[in-house]
Amino acid sequence: MSGIAIKNLNVWFSEGRDRVDAVKNATLAVQQGSSFGLVGESGSGKSTILRALTGLVPTWDGHMEAAGETLGKKRSASFHKKVQMVFQDPYASLHPRHSVDQVLSETLGLHGYKDIEARVSKLLNDVGLGPSFRFRYPHQLSGGQRQRVAIARALAPEPVLLLLDEPTSALDVSVQAEILNLLTDLRTERNLTYLMVSHDLAVVSHMCERIAVMQNGEVVELMTVQDMRAAKPKQSYTRHLLESALGYKRQEFREAGD
Amino acid sequence: MNILDVENLWVRFPTRSDVFDAVRGISFSLGKERLGIVGESGSGKSMTGRAILRLIRKPGMVTADHILLDGQDIMAIPERKMRDVRGQRISMVMQDPKFSLNPVMTVGDQIMEAYSLHANATKAETKRKAMEMLDAVSIRDPERVFRAYPHEMSGGMGQRIMIAMMLIPDPEILIADEPTSALDVSVQTQVLGIIDRLVQERGMGLIFISHDLNLVTSFCDRVLIMYAGRIVEVCQADKLHEAQHPYTRGLLNSLPRLDEPSKRLEVLKRDPAWREAASVSGSVSAPA
């Protein structure tokens with residue numbers, strides 16, 4: 001099984017009086033080859049789950065399995081090959097003084113590849129940026145192009161599992177459509193498994209088959225995309241999120257006023 | 001009667017080799033309504049809002065045939081007089097409260113300052129007015145918030161405080177530049193509700209700048225769609241889904257939808273002709 005299995009995961013930050021429980025007793029499973037969405041408001045712990053998976057947060061307990069490995073305090077080199085992450089802000093996740101070529105060659109080098117030349121140009125082609133982008137710096141790229149570079153970097157070690165942390169929330173809708181299409185194509189071509197975090201329910205419903213709704217660090221509801229589209233949530237919180245996602249309703253200001 | 005009438009507005013920025021036109025000759029008017037301006041990043045929507053308040057700094061250049069506020073051309077008045085317009089007659093709420101509140105002043109002092117700059121009132125009255133305003137933006141514990149500093153506030157509360165501060169001098173026009181983009185969806189509806197209620201109660205004009213098509217359709221009365229510094233289409237918000245221009249159509253189709261699943265999203269193909277097409281006028285001849 002090379003999907004993700006998380007059982008009773010707790011993640012916290014700092015100790016004693018300042019302790020914040022960011023994720024409480026979360027349990028979820030992602031099938032290999034499927035796409036799973038985590039939704040919730042800021043501070044609900046959705047990104048923290050991704051960070052705990054990749055080993056960016058050391059303070060957690062519970063059971064985590066990803067890409068066929070049971071995760072401990074340290075991650076193996078093979079884990080980092082199989083699991084990669086794409087971050088939210090393409091403006092912040094690329095080194096401003098490294099060219100696209102440097103970004104990708106460094107990643108490939110770290111993962112021990114020898115045929116770096118050929119791989120860099122193949123990666124650029126795969127994400128739809130021709131060879132002309134190879135020696136550009138991030139400031140010479142648009143937001144969408146940067147996010148393509150970030151995706152190329154994540155694909156460099158040929159992962160089986162991609163963790164996507166709000167990959168399109170910093171982009172315009174027209175560019176968002178391009179990136180979402182690219183992610184869909186890559187998933188079919190490479191049989192990838194996605195775990196995607198987003199606050200945009202429409203984006204998640206487009207990309208994912210199953211969805212977990214989080215609130216205050218807890219998974220409050222697990223549902224299929226069909227249930228979500230049919231607006232059949234079991235929890236009132238999920239219904240509230242769905243209603244907010246559908247746009248502004250005039251009469252709502254009375255509720256807000258009390 | 002139109003509160004605001006903008007004719008042939010240009011915003012230009014000189015670059016090393018050339019002059020960049022951020023807004024290219026747009027015209028529109030605003031009555032007592034909620035007017036939405038939508039477009040992608042770089043379409044000139046925020047620049048339009050700033051130009052109305054003459055907030056564009058040198059070397060940026062703003063030119064217009066006129067910007068009439070109740071019949072008075074604010075392009076022609078001196079900078080000193082402009083201060084009486086800003087805040088008092090036209091206010092602006094920006095995107096992120098974190099960057100627009102003063103971090104070293106208490107919330108109460110900031111709101112009181114906004115009021116006392118424009119009104120001749122005693123301290124006690126100013127305070128009473130500020131408390132009233134905090135209450136109007138649905139802040140539960142105004143006493144505590146009054147004494148708090150901005151870092152003690154959540155994003156949604158910060159934005160409500162901004163709105164309180166902007167509305168306390170009772171302006172005729174409120175320009176809201178992506179007021180809810182930095183907020184969570186559920187807080188977003190609440191903040192929009194407050195803006196909506198206050199605008200209705202006070203009979204103000206609202207210019208709502210946003211990149212979110214769905215939001216603008218459900219919130220505004222009339223929408224201007226901007227592309228490359230020009231208005232490409234004007235339509236009634238509830239008829240946005242019947243929009244004609246290929247750019248508007250493209251934007252609408254590129255959105256993933258909860259109610260209609262699709263295998264692939266449509267990708268917007270940009271036509272160079274859109275850039276060259278003349279700006280559509282967003283003016284409504286008064287009275288309608």
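How many residues of chain B are in contact with chain A? In this predicted model, 34 residues of chain B are in contact with 29 residues of chain A. On the side of chain B that touches chain A, two or more residues come from each of three helices: α8 (185-202), α9 (213-219) and α10 (246-253) of chain B. Of these, α8(B) provides the largest share, with 10 residues. Sorted by class, this side of chain B holds 13 nonpolar, 13 polar and eight charged residues.

Helix α9(A) spans residues 236-245, and its buried residues are T238(A), L241(A), L242(A), S244(A) and A245(A). Looking down the axis of α9(A), these buried residues fall within an arc of 165°, so they line one face of the helix. There is a handy rule behind such patterns: an α-helix has 3.6 residues a turn, so residues three or four places apart point the same way. The packing partners of the buried residues of α9(A) are β3 (35-39), α7 (201-207), β9 (210-215) and β10 (218-224) of chain A, along with α8 of chain B. After α9(A) comes G247(A), which has a positive phi near 115°.

Turning to the inside of chain B, the domain assignment gives two parts, domain 1 (1-85 + 221-288) and domain 2 (87-220). Taken over C-alpha atoms, the centres of domain 1 and domain 2 of chain B are 23 Å apart. Where the two domains of chain B touch, 29 residues of domain 1 are in contact with 22 residues of domain 2. On the domain 1 side, at least two residues each are supplied by β3 (34-38), α1 (45-52), α2 (79-85), β10 (222-227) and α10 of chain B. The largest share of that side, five residues, comes from β3(B). The residues on the domain 1 side divide into 16 nonpolar, five polar and eight charged.

What lies between the two domains of chain B? The largest nonpolar core has 154 residues, and among its members I111(B) and A164(B) touch the most other members. Both domain 1 and domain 2 of chain B give residues to this core, so it lies between them. Leaving aside residues up to four places away in sequence, I111(B) touches A130(B), M133(B), A164(B), M165(B) and I168(B). I111(B) belongs to helix α4 (residues 107-116) of chain B, where V107(B), G108(B), M112(B), A114(B) and Y115(B) are buried as well.

Strand β11(B) covers residues 230-236, and five of its seven residues are buried, so β11(B) is largely enclosed by the rest of the structure. Over six bridges, β10(B) and β11(B) pair in the antiparallel sense. One of the residues of β11(B), I231(B), is the bridge partner of M226(B). The hairpin formed by β10(B) and β11(B) has two residues between the strands, and A228(B) in this hairpin takes a positive phi near 50°.

Methods: Residues are numbered from 1 along each chain as its sequence is written. Chains are lettered from A and ligands numbered from 1 in the order in which they are written. This is a predicted model: local features need pLDDT of at least 70, side-chain atom pairs count only at pLDDT 80 or more; totals for chains, interfaces and linings use all residues. Two residues are in contact if their C-beta atoms, placed from the backbone, lie within 7 Å. Helices (H or I, at least four residues) and strands (E, at least two) are DSSP runs, numbered from the N terminus. Ala, Val, Leu, Ile, Met, Phe, Trp, Tyr, Cys and Pro count as nonpolar, Asp, Glu, Lys and Arg as charged, and the others, Gly among them, as polar. Domain bounds come from an automatic or database domain assignment. A nonpolar core is a set of buried Ala, Val, Leu, Ile, Met, Phe, Trp, Tyr and Cys residues joined through C-beta atoms within 7 Å. A residue is buried if 20 or more other C-beta atoms lie within 10 Å of its own, exposed if 12 or fewer, and partly exposed in between; C-beta atoms are placed from the backbone. The arc is that of the directions from the helix axis to the C-beta atoms. Two strands pair if DSSP finds at least two bridges between them.
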